[in-house]
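Please open the model in your viewer and keep the selection tool handy.

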Amino acid sequence: MFWKFDLHTTSHIDQLLDREDVTLRELMEEDDVLQECKAQNRRLLLFLSQDHCMQELVRLITTEPPADLEERSRFKFPNIACELLTSDVSIINDKLGADDSLLEVLYHFLEQDPPLNPLLASFFSKTIGNLIARKTEQVITFLKKKEGFIGLVLKHIDASAMMDLLLRLISCVEPAPLRQEVLHWLNEEKLVQRLTELIHTGKDEERQSNASQTLCDIIRLSRDQANQMQENMEADPLLAVLESQESVAGLLKNMFEGERSEASIVNGTQVLLTLLETRRSGTVIALHLWILVYWHQNNIGLFSFPLQKSAILTTVGVLEQPLGNARLHVARLVAALLQTNALSICQELCNLSTMDLLLDLFFKYSWNNFLHFQVELCVAAILNHPSSEERPNPGLQNHDGNPCQLVQRILDAWEENDKIQGEGGTRRGNMGHLTRIANMVVQNLEKGPVQSQITDLIKELPEDCRGRWESFVDETLRETNRRNTVELVSTHNMHSSSEDDDMESPFPNDLSLQQAFSDYQIQQMTANFVDQFGFNDEEFSEHDENIKIRQFDDAEEEEDIWEEKEMNYATQAKSRTR
């Protein structure tokens, strides 16, 4: 027996619209109201675009719902209202963008005292953002007339939706001349300077974090668009301010002068790291050097700020004084500075005793692999920096001109770890990174841009220390590399670590991390695929009332469709039917 399905359905919304007394709430109760709106149901759109309906929709997304409603349904209508207003239907966009009274109701939302309801803030931001993209000139003209607009947005910057709104103003305005006009307006409003002022010890951490993230996104968006635009196009004024010496000085002042806080140092460092991502070497080196000169002139100890951290319990015991996020971010910044390979930058870092301080932290926090990786990057950058007899690498010296004690510290740490393990203790967590650093030194003794300088440093070691180093390289390090090769590399396509001598980059390969993440995604998909994307019987019966079914009688068929098939196929067909 076969069935014929007539899938043509009639929307219940059309039936509701036949009534003269139908209300907006009744239509919003319908499950398919959004679908019908996006499908350009003309009767529905004409109803929604009426003045009283548009006023109600805007009111819903800007007014706190009654607190006595059930939490699950409290924001149901505001959410539907936002989806209708941002459904990208021209008649709704035209009505909302051209009616100043509706825009005034939207703008009034910003005039509330903080904090804003985060959900309503997201509805507001999405609606204004859609208008910025679709009705650009009208909305920009309206906002520019409001003198306090940028100030109100920054007052509520603790809501991430306000950060999104600022980024839409920067990235979603077309055509290019109008976008440039908006950028100049934002620059005249001192947007960059005002965001920088928010990264300060006196501000709450959420505001600092969102201000920092906004500045980072402005930098990346501006540089991406600068790479795409024509050569004769005007430069981005916001990016020019961010890359200026005055802006960097203001940020550093907020981070390090007066009372210091971890939040201001971390968030400020994130902005500096984003500024230093560019490949334009002249700008990069200038920014790097200015940061270091500021540190030096103001006698700022890079890792010595007194941030009080409570003791924490870790898997290896109690850590009395944790490293903290601030010092870790400064280590990241130092690594970024060193990777420019600029001699002047290395010299300034040497004057600040940077490597001695980093090595102190490396050995003190023997279980912090995030720090160990940054120190390894610093050592690799120094060892890959070219030097000559006339201009030796300053990174291999400390601030008083004496050689850096890297070799001695490697030997002392290794021997201390062997002693701990010999007494039944646990191998220290920094030994893997220490092995890689030792291998870098050995490889640069054989060949590399600082080969002669390292050779001279080894020769200048005390005789007993030089003997310990030679014994360490010939026996201990060689055995460690052999053991690591056997343990970490499979028998298929095995090669020893000595074959890696020709590799130019000292940095680890990220392919294994990418593969692990890919495997994790696949695992999650296979485990939950049926639950998330499978069907259930209820879905098939959901619209049964709208489906017309006509039954065919077997007698209508002139012949058996399976008649000419072989018996085994017929058996399989019956099995599948069951």
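Predicted model: local features only at pLDDT ≥ 70, side-chain atom pairs only at ≥ 80, totals over all residues.

Residues are numbered from 1 along each chain as its sequence is written, and side-chain values use heavy atoms, with hydrogens and water left out.

**Stop 1: salt bridges**

Side chains of opposite charge can pair when their charged atoms come close. How many salt bridges does the structure hold? There are 25, where a salt bridge is a side-chain nitrogen of Lys or Arg within 4 Å of a carboxyl oxygen of Asp or Glu.

Select arginine 43 and aspartate 18, whose side chains form a salt bridge with an N to O distance of 2.9 Å. This pair links distant parts of the chain, 25 residues apart: arginine 43 sits in helix H4 (residues 42-48), and aspartate 18 in the loop between helix H1 (12-17) and helix H2 (24-29). Helices here are DSSP runs (H or I, at least four residues), numbered from the N terminus. For accessibility, buried means under 20% relative accessible area, exposed over 50%, and partly exposed in between (1.4 Å probe, protein chains only). Arginine 43 is partly exposed at 39%, whereas aspartate 18 is exposed at 55%.

Next, pick glutamate 104 and lysine 146, a salt bridge whose closest N and O atoms are 2.9 Å apart. Glutamate 104 belongs to helix H9 and lysine 146 to the loop between H11 and helix H12 (149-155), so this bridge ties together parts 42 residues apart in sequence. Both ends are partly exposed, with glutamate 104 at 35% and lysine 146 at 21%.

Now jump to glutamate 416 and arginine 428, where the side chains meet in a salt bridge at 2.9 Å, N to O. Glutamate 416 is in helix H25 (residues 406-422) and arginine 428 in the loop between H25 and H26, so parts twelve residues apart in sequence are tied together.

**Stop 2: backbone spots**

Show the backbone of proline 114 and proline 115: the peptide bond from one to the other is cis, with omega near 0 degrees. Proline 115 is in the loop between helix H9 (100-108) and helix H10 (118-134). Another cis peptide bond, with omega about 0 degrees, joins glutamate 174 and proline 175. Look for proline 175 in the loop between helix H13 (160-171) and H14.

Now check phi at aspartate 88, which is near 60 degrees, a positive value in a residue other than glycine. Aspartate 88 lies in the loop between helix H7 (76-85) and helix H8 (90-98) and is partly exposed at 38%. Serine 353 also has a positive phi without being glycine, near 55 degrees. You will find serine 353 in the loop between helix H22 (343-351) and helix H23 (354-364), where serine 353 is buried at 16%.

**Stop 3: helix pairs**

Select H11 (residues 136-145) and H14 (residues 176-188): their axes come within 12 Å and cross at roughly 15 degrees. Axes are lines fitted to C-alpha atoms, for helices over the stretch in contact, and angles run from 0 to 180 degrees between N-to-C directions. H11 and H14 are therefore roughly parallel to each other, a label for angles under 35 degrees. Show the side chains of Thr136, Glu137, Ile140, Leu143 and Lys144 in H11, which meet Leu178, Glu181, Val182 and Trp185 in H14; contact means heavy atoms within 4.5 Å.

Finish with H24 (residues 369-383) and H26 (residues 431-446), whose axes come within 10 Å and cross at roughly 5 degrees. That makes this pair, H24 and H26, roughly parallel. On the H24 side, contact residues include His372, Phe373 and Glu376, and on the H26 side they include Arg436, Ile437 and Met440.

Notes
Helix = DSSP H or I, 4+ residues; strand = E, 2+ residues; numbered from the N terminus. Parallel < 35°, antiparallel > 145°, perpendicular 65-115°, else oblique.
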